[in-house]
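The questions below go through a protein model one feature at a time. Each answer ends on the value or name asked for.

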Amino acid sequence: MTTKNNELRSESVEQVLNELQGKDLVVLTTHKNADGDGCGSQVALASWLRSQGTETFIVNPTPFPENFKFLLPDESWVAEADSPGARELCDGADLVVVLDTGENPRIGKVEPLVRGLPTVVIDHHPIGQNPIRGLSLRDTTASSTGELVYDLIEKAGGPWSKTSDLGVYVAVVSDTGFFKFGNTNPHSLRIAAELVDRGVDPGKVYRRLFGSYSKTRLQLLQSSLASLDLDEAYKTAWMVVSEKAYDTLGATPESLEGFVDYPRFIIGIEVGILFRKVSRNAIKVSLRSNGLINVNTVARKFGGGGHNAASGALIKGSMEEVKQSVIEAVREVVEVSGILK
Ligand code: 5GP
Ligand code: MN
């Protein structure tokens, strides 16, 4: 399937495909707290590489999320970064493929394990401050990394396994919010159509990803919504995840999927923020824009990154300090954007 999007990146697709071919052992990784795009892309690519006779393993900086384990035909495809097995795999690997991020700090404890290995980056984020070097297939017009993995496997002429079909589908629907977000493009819709044609069940995937809330998740949402606060003059709204509720409920970062969207869904609001204390002196901040404001500039100011409409950062300081400085930075960006006039 050739559409405008993948014609433009066809040269990088070819180069990366050449690099992937004929390897004995490849390690795949993605960013901390992998999402549906990170997990789906890597499982899809792992399945294809394995079909080519390449031993392929996933080594991520944080544990492979429980809610995406249904993508894996076998959990032995994953080696936890802390395990001796992961070090052994990385020592013996011919190549590391980094998916859904292109920045060194985002791969955390995997970075020292794969340092010095030939590297391929497959990503759709703008290049950050500390980019991972190596051959890359980067395209910020791609809805998701899954879209790029689709192009690679397609260029190779397949084979398309059920595992790759499901992985790419989950990657694309995760990052486009099931085709609701502004990054949805014709190519991603065509990919989904083809995968559904081949047997992916959209209803089943939706229920797995969004329609099956744990009690914990809903209780955490309840307590987070209670913290909702707005600065209507600056079209900004935010929520704070209660540290107490998070701990008492035994929540994980996956429990928070989609929480950050609620503040920006309020009529008249352009920017939504979610704050969560992750350690004694660090706050994880997630920023979302409805499209008029570039929140990536805010995230970058604090050492983070992401896309124009979806960004994040890990910021040192107390909740009050971080909240104040991030909200102030958002106000500045909103002010200069001219949308208040
Ligand atoms: P989320 O808010 O869902 O964690 O992330 C939204 C987007 O921002 C994703 O594309 C993610 O890769 C990026 N992002 C989140 N946190 C960080 C961070 O600490 N550093 C960088 N560079 N990007 C981040
Ligand atoms: Mn992504």
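Q: Over how many bridges do strand β4 and β5 pair?
A: Strands here are DSSP runs (E, at least two residues) and helices are DSSP runs (H or I, at least four), numbered from the N terminus. Two strands pair if DSSP finds at least two bridges between them. Strand β4 (residues 119–123) runs parallel to β5, and the number of bridges is 4.

Q: Which residue of β5 is the bridge partner of I122?
A: This is a predicted model, in which local features need pLDDT of at least 70, side-chain atom pairs count only at pLDDT 80 or more, and totals for chains, interfaces and linings use all residues. Residues are numbered from 1 along each chain as its sequence is written, chains are lettered from A and ligands numbered from 1 in the order in which they are written, and side-chain values use heavy atoms, with hydrogens and water left out. In β5, I122 has as its bridge partner L137.

Q: What is the strand order of the open sheet of 5 strands, and which are its edge strands?
A: The pairing in this sheet is parallel, and the order is β2-β1-β3-β4-β5. From one strand to the next the twist averages 15°. Pairing on one side only marks the edge strands, β2 and β5 (135–138).

Q: Is β3 enclosed or open to the outside, and how many of its residues are buried?
A: Buried means under 20% relative accessible area, exposed means over 50%, and partly exposed lies in between (1.4 Å probe, protein chains only). On one side L95, V97 and L99 are buried, and on the other V96 and V98 are buried, so both faces are covered. β3 is therefore largely enclosed by the rest of the structure, the count of buried residues being 5 of the 5.

Q: Which residue of β3 is the bridge partner of V26?
A: β1 and β3 run parallel and are joined by 5 bridges. β3 also pairs with β4 in the parallel sense, over 4 bridges, and there V96 has T119 as its partner in β4. For V26, the partner in β3 is L95.

Q: At what angle to β4 does helix α6 run?
A: Angles run from 0 to 180 degrees between N-to-C directions, and axes are lines fitted to C-alpha atoms, for helices over the stretch in contact. Contact means heavy atoms within 4.5 Å. Helix α6 (residues 145–155) lies across β3, β4 and β5, and its angle to β4 is about 120°.

Q: Which residues coordinate the manganese ion (ligand 2)?
A: Donors are N, O and S atoms within 2.8 Å of the metal (3.2 Å for Na, K and Ca), and water is not among the atoms, so sites may look incomplete. Along the chain the donors are spaced D-x62-D-x23-H-x50-D. At 2.2 to 2.3 Å, the coordinating residues are D37 (OD), D100 (OD), H124 (NE2) and D175 (OD).

Q: How many residues apart in sequence are the parts tied together by D100 and D175?
A: Both D100 and D175 are buried. D100 has a positive phi of about 65° although it is not a glycine. Because D100 lies in the loop between β3 (95–99) and α5 (110–114) and D175 in helix α7, the pair ties together parts whose separation in residues is 75.

Q: How far apart are the axes of helix α7 and helix α8?
A: The contact is made by D165, V168, Y169 and V172 of α7 and S188, I191, A192, L195 and V196 of α8. Helix α7 (residues 162–176) and helix α8 (residues 186–197) pack at an angle of about 145°, and the distance between their axes is 10 Å.

Q: Is F179 buried or partly exposed?
A: F179 is found in the loop between α7 and α8. Its phi is near 65°, a positive value in a residue other than glycine. With a relative accessible area of 25%, F179 is partly exposed.

Q: Which residues does T62 contact, leaving aside its neighbours within four places in sequence?
A: T62 lies in the loop between β2 (55–58) and α4 (84–92). Its relative accessibility is 19%, so T62 counts as buried. With those neighbours left aside, the residues in contact with T62 are K32, N33, A34 and E80.
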